[in-house]
Amino acid sequence: MSNTVGPAPLSAVVRRNMPLASLDPNDVALLGRALQLMATGDILQEFEFGARIGVELPEFREMVARWPAWDDADDRSPECLAINNTLNDLLHGVGLTERQCTEMLGTGKEELLGVYRRWAASRGWSATGVK
């Protein structure tokens, strides 16, 4: 018997009634990398983090430690705000250059934007933007 403890499979931690669960595993992985990048504190200054992301940096870091076991079903939830506002800020706010996006997230901006649009569409949103 192994004593190794690892992350639970995605299907075990993401309930099927959440918009996040409608994304494929590659989208969830990219979204997780974007959230982890934002959690480093290198993208936004801590004093502006809460106003831009909707969650203060220490709480955001606690949330990211639980990723992907998030319940983003409620549009007003901290998880929904964190996902939406992180993607919005990385793509349109402080923004990442194409090179930064590739270096930091392992993919281009178009793919990140695609994840953002698919996640928003899964919520029934017709547009993306700050919430």
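# Exercises on helix packing and salt bridges

Aspartate 89 is found in helix H5; helices here are DSSP runs of H or I with at least four residues, numbered from the N terminus. The model is predicted, so local features need pLDDT of at least 70 and side-chain atom pairs count only at pLDDT 80 or more, while totals for chains, interfaces and linings use all residues. Residues are numbered from 1 along each chain as its sequence is written, and side-chain values use heavy atoms, with hydrogens and water left out.

## Exercise 1

Find out whether aspartate 89 is buried or exposed, and list what it is in contact with.

Step 1. Buried means under 20% relative accessible area, exposed over 50%, and partly exposed in between, with a 1.4 Å probe and protein chains only.
Step 2. Aspartate 89 has a relative accessible area of 6%, so it is buried.
Step 3. Contact means heavy atoms within 4.5 Å. Leaving aside neighbours within four places in sequence, aspartate 89 is in contact with Met38, Leu44, Arg52, Ile53, Val94 and Gly95.

## Exercise 2

Describe how H2 and H5 pack, and name the residues that make the contact.

Step 1. Axes are lines fitted to C-alpha atoms, for helices over the stretch in contact, and angles run from 0 to 180 degrees between N-to-C directions.
Step 2. The axes of H2 and H5 are 10 Å apart, at an angle of about 80°.
Step 3. Angles under 35 degrees count as roughly parallel, over 145 as roughly antiparallel, 65 to 115 as roughly perpendicular and the rest as oblique. H2 and H5 are therefore roughly perpendicular.
Step 4. H2 contributes Leu31, Ala34, Leu35, Leu37 and Met38 to the contact, and H5 contributes Ala82, Ile83, Thr86, Leu87, Asp89 and Leu90.

## Exercise 3

Determine which residues of H3 are buried and what they pack against.

Step 1. H3 covers residues 46–53, and Phe49, Gly50 and Ile53 are buried in it.
Step 2. These residues lie on the same side of H3, because they cover an arc of only 100° around the axis; the arc is that of the directions from the helix axis to the C-beta atoms.
Step 3. An α-helix has 3.6 residues a turn, so residues three or four places apart point the same way.
Step 4. Phe47 and Ala51 are exposed, on the face turned away from the buried side of H3.
Step 5. The packing partners of the buried residues are helix H2 (25–39), helix H4 (57–65) and helix H5 (78–91).
Step 6. Just after H3 comes glycine 54, with a positive phi of about 95°.

## Exercise 4

Locate the salt bridge of aspartate 72 and say which parts it ties together.

Step 1. A salt bridge is a side-chain nitrogen of Lys or Arg within 4 Å of a carboxyl oxygen of Asp or Glu. The whole structure has 8 of them.
Step 2. Aspartate 72 pairs with arginine 123, the closest N and O atoms being 3.2 Å apart.
Step 3. The pair ties together parts that are 51 residues apart in sequence, because aspartate 72 lies in the loop between H4 and H5 and arginine 123 in the segment after helix H7 (109–122).
Step 4. Both aspartate 72 and arginine 123 are buried.

## Exercise 5

Classify the exposure of the partners in the salt bridge between arginine 76 and aspartate 74.

Step 1. The closest N and O atoms of this salt bridge are 3.3 Å apart.
Step 2. Arginine 76 has a relative accessible area of 70% and is exposed.
Step 3. Aspartate 74, at 36%, is partly exposed.

Key
Helices (H or I, at least four residues) and strands (E, at least two) are DSSP runs, numbered from the N terminus.
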